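This report walks through one structure for a reader who has not seen it before. The sequence and the model are shown first, and the notes follow.

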Amino acid sequence: MSKQWADSKDGAFKRQVSSFRDFVSTSHPVYKPAKGRYWLYVSLACPWAHRTLITRALKGLCGVIGVSVVHWHLDDKGWRLLPGDPSYSSSNDIFYTINGGMKDTEKNVSKPHGDCANDSSKLWIDSSFDPINGFERLSQLYYKCNPEYNARFTVPVLWDIETQTIVNNESADIIRMLNSGVFDELRDNEGKTNGDIDLVPKQLEKEIDEFNSWVYDNINNGVYKAGFAESSSVYEKEVTNVFNHLDKLEKVLQGTYEDLQSKYGKDNEKEILKHYFAVGQQLTEADVRLYTTIVRFDPVYVQHFKCNFTTIRDGYPYIHKWVRNLYWNYKAFGLTTNFDHIKLHYTRSHTRINPLGITPLGPKPDIKEL
Ligand SMILES: N[C@@H](CCC(=O)N[C@@H](CS)C(=O)NCC(=O)O)C(=O)O
């Protein structure tokens with residue numbers, strides 16, 4: 001299996017290409033839209049999986065697609081889930097997830113099983129079980145689908161319960177699929193009222209794609225290229241590149257903020273924040289994809305990936321305001337962000353970077369008030 005850190009001779013990190021790339025749609029010969037047929041496997045620590053959780057919540061799909069959350073610790077066998085009971089899936093209530101979505105913690109905790117009975121706070125920190133297959137390792141999904149699979153077992157995974165196969169394991173595809181409208185008819189009333197948003201409106205698609213493209217290479221994946229670099233020269237090049245692009249992002253957001261100030265009045269922060277987004281002054285996929293990196297920046301990327309020219313909170317006032325607006329004012333962002341999983345995962349799974357597994361307590365707070 002390929003390594004998760006630097007793979008090439010020059011010490012540079014190369015991200016593996018995802019292998020399952022199907023799309024659920026009415027015209028697909030196998031993967032037709034249906035309520036309860038598909039299941040998401042995510043990690044709350046992982047920025048790529050986090051995109052799918054936010055999109056699922058924004059689109060009102062928490063009652064259409066269920067979620068299992070892996071334990072935050074990634075070991076040499078990959079991600080794991082708590083021991084669980086697959087017969088649970090035959091109950092009516094298969095959409096219980098820990099904080100996979102929008103419901104409050106108490107209501108949304110997995111039905112307790114085995115050792116973790118009634119210990120909802122442990123589940124919150126640990127993981128949920130797999131009510132669909134009863135698997136205790138994510139790798140089992142991959143092997144079930146392809147016994148010859150020999151790459152990394154990554155989250156997110158969109159699983160088809162009917163054919164017992166992986167539909168897609170690429171977050172960029174999964175969020176486009178969730179946004180595409182194929183599941184909209186299947187939403188319950190709550191989902192319909194909450195989820196009526198198009199995250200990639202036609203008139204903004206080109207701009208969103210352009211934005212995503214430079215943000216992906218230089219910020220989303222940029223922090224990994226700096227953090228997993230295995231030589232000083234690669235690290236120095238990559239970390240400089242990350243900060244050059246944060247500078248660029250700061251200017252973009254400053255421009256938007258100033259436009260909004262002229263439109264709504266300098267002191268009308270409440271109205272400004274309703275339109276303060278990365279592209280087109282409306283909430284789009286560009287915000288979802290950018291957010292999952294920026295919200296992890298101060299808590300982990302600054303120290304763990306050595307992206308430490310400055311922090312978002314100290315060095316980038318416009319990015320800082322943007323990320324806090326999403327975290328504090330939009331439940332789909334705030335409730336799916338779990339700083340315990342985020343901090344514990346990175347600092348205790350990457351033993352090559354942090355061999356003693358000591359998790360820094362700061363920064364305090366994980367994210368500041370708005
Ligand atoms: N291209 C994938 C990347 C997913 C990915 O790299 N996930 C990481 C977690 S952040 C993973 O599951 N890694 C498991 C491993 O390397 O063993 C996507 O965006 O969906």
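## The ligand and its surroundings

A backbone N or O atom of Val155 lies 2.9 Å from an oxygen atom of the ligand. Asn169 also places a backbone N or O atom 3.4 Å from a ligand oxygen. For Glu170, a polar side-chain atom is 2.7 Å from a nitrogen atom of the ligand. On its own the ligand exposes 520 Å², and the protein buries 91% of that. Accessible areas come from the Shrake-Rupley method with a 1.4 Å probe, and for residues only the protein chains shown count as cover.

There are 17 residues around the ligand, and Arg15, Trp79, Arg152, Glu170 and Ser171 come nearest. A residue is near a molecule or strand if one of its heavy atoms lies within 4 Å of it. The shell consists of nine nonpolar, five polar and three charged residues. Here Ala, Val, Leu, Ile, Met, Phe, Trp, Tyr, Cys and Pro count as nonpolar, Asp, Glu, Lys and Arg as charged, and the others, Gly among them, as polar.

## Basis of the values

This is a predicted model, in which local features need pLDDT of at least 70 and side-chain atom pairs count only at pLDDT 80 or more, while totals for chains, interfaces and linings use all residues. Residues are numbered from 1 along each chain as its sequence is written, and side-chain values use heavy atoms, with hydrogens and water left out.

## The protein as a whole

The protein has 15 helices and four strands. Helices (H or I, at least four residues) and strands (E, at least two) are DSSP runs, numbered from the N terminus. Of the 370 residues in the protein, 56% are buried; buried means under 20% relative accessible area, exposed over 50%, and partly exposed in between (1.4 Å probe, protein chains only).

The accessible surface of the protein is about 15900 Å², and carbon and sulfur atoms hold 50% of it. Among contacts with a separation of 6 or more, 73% join residues 24 or more positions apart. Contact means heavy atoms within 4.5 Å.

Helix α1 covers residues 47-58, 12 residues in number, and reaches 16 Å from its first C-alpha to its last, close to the 16 Å expected at 1.5 Å a residue. The expected span is 1.5 Å times one less than the number of residues. The helix is mostly covered, with 12 of its 12 residues buried. The buried residues include Pro47, Trp48, His50 and Leu58. Just after α1, Gly60 takes a positive phi of about 70 degrees.

Thr55 lies in helix α1. Thr55 counts as buried because its relative accessible area is 1%. Its side chain reaches the backbone oxygen of Arg51 at 2.8 Å. Neighbours within four places in sequence aside, Thr55 is in contact with Ile175, Leu178, Leu199 and Val288.

## Two further positions

Val67 is found in strand β2, residues 66-69. Val67 is buried, with a relative accessible area of 1%. The C-alpha atoms of Val67 and Tyr38 are separated by 9.1 Å, although these residues are 29 apart along the chain.

Is Ser233 buried or exposed? At 51% relative accessibility, Ser233 counts as exposed. Ser233 belongs to helix α9, residues 232-264. Ser233 and Asp10 are 223 residues apart along the chain, and their C-alpha atoms are separated by 9.6 Å.

Definitions and conventions. A polar contact is a pair of N or O atoms within 3.5 Å; within protein, one must be able to donate a hydrogen and the other to accept it, and residues adjacent in sequence count only if both atoms are side-chain atoms.
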